[in-house]
Amino acid sequence: MGEDGRPGPRKSGPEHGSRPRRPAWPAQPPIGPAVPPQSRRGAAGGAGPGAVPAPPENPFVQWMRARRPEAEPGLWRYAHVPRPPDEGDPVSDRQLLGGAVLALLTGFLVWSLCWNGVISFWLWPLDWITLDAWRETNAMVAVGYLYYGLFILLLVYVFGRIGRWPEVWTRFLEPVLSSSRRSEDPEDAEDEDPVAWPELRAAGLVAEAEALGGAAQSGVMNDVDLARIARAWESVRARPERLRAFADSVRRDGAGACPHPSGLRDIGRRGYRHDLITGQVRIGAAPDDKRNPHVYRGGGIALEAGLLGTGLLAVGPAGDVVTDRVTGPVAELLCLQALAGQAAVVVAGAPGARLGDDDAYDVVIRLADPSSPHDLDLYGGTADPDEAAALLAETLLGGDEGDWAHVRPAVTALGQLLGAYQTVYGRFPGVSELRGLLDGDRAALAALRRDCGALAEGPSDTDIGIETDAGTDAGTPTDAGIRTDAGIRTDPYAADRAAAALRELDARERQLARPGDVGTLLAGRLAVLDRPVFARFFDTRGRGRQFSMRALEHPMRVRIVLPERTHAEASRVLARLLLAQFSAAAPARTDRSLFAALVLDDAARTASPESVRAIGRLRAAHAGVVLGLRGLDEVAEPVRGPLLAAVGCRMALTGVSTWDGRHFAEAWGAEWVEAVDVTHVPDVSGGLVRRLLRWIRQVFTGTKAMSRSVTVRTVERERWSASELANALPPGHAVLSVTTVGGERTPPVLVDLHH
């Protein structure tokens, strides 16, 4: 495999005829790029004169055929070797084999002594249970042979336990028999060979399976093609009516069948190791440390959609380590899975953050950059004014603890204005228009009231609406309907809705007259987006290429560049906007077969009570968020604990403070361990002679004779204390705990992020 996780060039294996040595534990794959082993055909060829070596097996085929056993959550499954059970100090091979042979010879000796009459008491039980009348009958012969068999089994059991024969079988004989059994059953091996596409053959698509197998053998297929076609086949199994279209695409395009809407089959450049068969990206390795669970020691650590669906919070203040080791690998994995039709991802971060090149994404939004090719929908694609009001209230007031009490009044105020504006003009207001309405701009409110009143005066059983031109911002009442660029939109209930909107406007104007109205606070928060650099963004008139979170039903790759360096406060508002829109759009999808993910490289000041509750609901919607923080002080104190409880995956990187470590320690809890206390006290036991000897020893050595007392007790201790997280983590390491969407949890694991 190459550095990017794809099959790389083949390296030469051992010479023909050499016998490989049995590696010492752990027998894990190399930490660097995985190199496919030498093909069996190439190794079997003789080295004699005139011998023509067989061509080596394709590295991609070797990668497809690699073992991926089931493993604990978070373990890198590609070529994973399960760690044997912890047996304390393991017995060496020589000692184990020597003891087994000695037990076997001793057992034969005992049987020989018994059979030849040297030992006679072994027949006493047979005499006790048989009758004298049986001595000369065939029944005695049968009972005798049965007794001999039982006695032999007893000897085998006793000396087998002494010689540890079961361990000899497990360590030496079972692997040999398993490999020989696989080599002797070529038909079964072919049925399980992924290159042969057995599922397609079982469905009758033999020609299509051969075409895909040939593409893999020839090197035309890559890992994204494999994952994409496998995903398409899953959809065929769910909806059999798609079978013919699938077969036609495979026959026509081969490895390029069932393409992504962009037509791309890979991203331009990879920086991390991926295994798209298991859907994992490797982020490091678990060192052989006593604080790590036994099954994780020596294994690779990886993230996947089954873990990210519970949410991931990574805290690391040391430079860009969160981007390089967490959000960057996850973003690249999800982009590859989106090309394979398995995921939809939105990645947000600062300019220059190592979150992938622009050509790795379908949509790139550079907020505050006039050259941005795309725009962002301020309202998340919703047409419901109440939902839009809730999103904007969470966005504008969710960052500061002091503003949380005003969220409900803010939803009411925004709903009144957005509903009236949509009723009159058929769309939501832009940033400048909404700011003016919230701030109590008399001209804006008067214009909205005038147009709303004109619409309400018409008869409700006729077509009432607003006629708008392409170049005007608002419209004028007509008696024909709502005239837009697309034509006249009739609405027989427009007058009734306009009357209701007038009542909402009356209530809003009464609230404006009260001191401390929430509209002024909202207008002040919205002012950070009402800047000249954002003038061409958040358009509500449909004049640009705008992205909405409602598009996450499609396998899209979206990169949003936030202006963190030039407009820090606006970036915080926009990050909260993205989190609120994603939390609302992901559960509302009608098709949840795609895994939807939001990656926030810097999630500072985005957590609020409502957003934390929304993160917990994403697990059931086949969606998840990845949040990167430089410290928990970027989260308001009341929601630090709930945020750690809402996410299933928690990661503390090198450099966290003791205060942050305390929150992680509380989240990870404690475990029962055995504590050994050793006490040394002066030895005063014995008589006069013994005391005299101890006194002479003290005179010559200068030390008193001490007695040693050992106490072993079970105590409850923190898995990782705040002090250990803050002071004992080596550079480039992290402590990670994960939870699957099925609810399986793992204890915190120390991870070396350099491997």
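These legends describe close-up views of a predicted model.

View 1. The protein chain has 755 residues, and 46% of them are buried. Its secondary structure comes to 25 helices and 20 strands. Take the contacts with a separation of 6 or more: residues 24 or more positions apart account for 74% of them.

**View 2. Helices α16 and α19 cross at roughly 155°.** Two packed helices are described by the angle between their axes and the distance between the axes. Here α16 spans residues 431-438, and α19 spans residues 518-526. Their axes come within 8 Å. Angles over 145 degrees count as roughly antiparallel, so α16 is roughly antiparallel to α19. The crossing of α16 and α19 is left-handed.

View 3. What kinds of residue make up the contact of α16 with α19? Six are nonpolar, two are polar and one is charged.

**View 4. Asp-517 sits in the loop between α18 and α19.** Helix α18 covers residues 494-512. Is Asp-517 buried or exposed? Buried means under 20% relative accessible area. Asp-517 has 14% relative accessibility, so Asp-517 counts as buried. A polar atom of the Asp-517 side chain lies 3.0 Å from the backbone nitrogen of Gly-519. Leave aside the neighbours of Asp-517 within four places in sequence, and Asp-517 is in contact with Arg-508, Gln-511 and Leu-512.

**View 5. Arg-557 lies in strand β13.** The strand runs over residues 557-561. Arg-557 has a relative accessible area of 1%, so this residue is buried. Which residue's side chain joins that of Arg-557 in a polar contact of 2.5 Å? The partner is Asp-362. The Arg-557 side chain also reaches the backbone oxygen of Ala-360, at 2.7 Å.

**View 6. Ala-196 is placed in the loop between α7 and α8.** Helix α7 covers 186-192, and helix α8 covers 198-202. Ala-196 counts as buried because its relative accessibility is 11%. Ala-216 is 20 residues from Ala-196 along the chain. The C-alpha atoms of Ala-196 and Ala-216 are separated by 9.5 Å.

Terms used
Residues are numbered from 1 along each chain as its sequence is written. This is a predicted model: local features need pLDDT of at least 70, side-chain atom pairs count only at pLDDT 80 or more; totals for chains, interfaces and linings use all residues. Side-chain values use heavy atoms; hydrogens and water are left out. Axes are lines fitted to C-alpha atoms, for helices over the stretch in contact, and angles run from 0 to 180 degrees between N-to-C directions. Helices (H or I, at least four residues) and strands (E, at least two) are DSSP runs, numbered from the N terminus. Angles under 35 degrees count as roughly parallel, over 145 as roughly antiparallel, 65 to 115 as roughly perpendicular and the rest as oblique. A crossing is left-handed if the near helix is turned anticlockwise from the far one by less than a right angle, and right-handed if clockwise. Ala, Val, Leu, Ile, Met, Phe, Trp, Tyr, Cys and Pro count as nonpolar, Asp, Glu, Lys and Arg as charged, and the others, Gly among them, as polar. Buried means under 20% relative accessible area, exposed over 50%, partly exposed in between (1.4 Å probe, protein chains only). A polar contact is a pair of N or O atoms within 3.5 Å; within protein, one must be able to donate a hydrogen and the other to accept it, and residues adjacent in sequence count only if both atoms are side-chain atoms. Contact means heavy atoms within 4.5 Å.
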